[in-house]
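The following exercises concern a single protein model. Each consists of a task and a worked solution.

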Amino acid sequence: MRENVIRIGLLTPLSGDVKNFGESINKGFRLALEENNYRAGNYRIEAVIADDRNDPAEAVNMAIKLIHADKVSAIVGPLTSLCAIPVADIAQKEKVPVISPTATNPKVTVNNGRRMDFVFRVALVDPYQGTAAARFALENLKLKTAAVIADGGNDYSLSLANNFKEAFEKGGGQVLAFEKYIRSDVDFTTVLKRIAQLKPDVLYLPDYYINVNLIGKQARQMGIQSVFLGPDGWDSPNLDYATMEGSYFTVNYSPEDPCPEISEWVKKYRNEYGTEPDMFATLAYDAVKILLQAIQTADSRDPVKIKEALQNTRDLPAVSGRITFDQDGNPVKPVPILRIKDGKRVHVTNVAP
């Protein structure tokens, strides 16, 4: 009797500008399959790996190849929203489920008001982090007033900023200032002078660490004592830890979290690869675990049935938190909060959805 086989694809950049992140995705992907002995219920899993080079056109070509030539029933990836958004169109057209570990743009699963119902993600969607940060500031830190400084030309920064403002005000807080800058700015003193006069309890900085380092240093030099708060764009060893001492930021995954599931995962990954797992490896591992569970539940290689099982995922244990998919294919799970303390990252709490 011929063994039941299901092929799943991995679409990630193994060359190009973010190949290091792509290799982490590959490691998490392979470790999850190895742990499950390349099985999901009654099916043996065969993996097909494709390199999208973080190029949208190549990602589309590789997705078509995986579906038509390799006959995969599902795809894990792509890594970036840049590639995941066009691949989502292919997934919809071909009716093959895609689960991205790390693409965060809302358009990956809902584009122009249309739910791309064959597309899912494991990473927190950008607006979710802004809302969680506002709740943490209000409920945990008991802060009442805020100022926001965002990159006006960056969808990631603006989405976080707008959702933080909305949630902070809805929760009873007051946003005293909402300022914008352009990416090329290096002098933020004009904006910061206005904020210094307002003396907000919290200053929300929804951007990547490069701009945050500049804004944070200039703010402290001007005597601004507000608590700094930010998103996962801060999550880099190149963050200015001295300047950001005492600050907080949201992340997708915290290896500092002492819960047994994460401690076991960090140990397992170290034993396999000799390094600590980053966010990319962790979310890829979770994506595969979710997909394997969906295949087992569907008990079929039919991509439509696997898609339906994915959409019905409820409270599934994962390293990054117990996961339920909402109606838009986004994960509903706790948001870890980290603090910079004594020059190190410290896990503070998880903000419940």
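**Exercise 1.** Is N26 buried or exposed?

*Solution.* The model is predicted: local features need pLDDT of at least 70, side-chain atom pairs count only at pLDDT 80 or more, and totals for chains, interfaces and linings use all residues. Residues are numbered from 1 along each chain as its sequence is written, and side-chain values use heavy atoms, with hydrogens and water left out.

Step 1. Apply the burial classes: buried means under 20% relative accessible area, exposed over 50%, and partly exposed in between (1.4 Å probe, protein chains only). N26 has a relative accessible area of 8%, so N26 is buried.

Step 2. List the contacts (heavy atoms within 4.5 Å). Leaving aside residues up to four places away in sequence, N26 touches L10, L14 and I49.

**Exercise 2.** Describe the overall fold dimensions of the protein.

*Solution.* Step 1. The protein contains 10 helices and 17 strands. Its radius of gyration is 21 Å, close to the 20 Å that the globule rule gives for 353 residues, so the protein is as compact as a globular protein of that length. This radius is taken over C-alpha atoms, and the rule is 2.2 Å times the number of residues to the power 0.38.

Step 1. The C-alpha trace spans about 75 × 40 × 35 Å along its principal axes.

Step 2. Buried residues account for 56% of the 353 residues. Of the contacts between residues at least 6 apart in sequence, 65% join residues at least 24 apart.

**Exercise 3.** Characterise the largest pocket.

*Solution.* Step 1. On a 1 Å grid over the protein atoms alone, a pocket is an open set of points where a 1.4 Å probe fits, with protein on both sides within 12 Å along at least five of seven lines; lining residues have an atom within 4 Å of a point. The largest pocket holds about 1,300 Å³ of space. Its lining comprises 42 residues, of which F21, Y208, D232, M279 and F280 are the closest to its centre.

Step 1. At least two lining residues each come from α1 (19-35), α3 (81-94), α5 (155-170), α7 (209-221) and α9 (279-298). The largest share, three residues, belongs to α7.

Notes: Points joined across faces, edges and corners; volume = space filled by probe spheres on them. Helix = DSSP H or I, 4+ residues; strand = E, 2+ residues; numbered from the N terminus.
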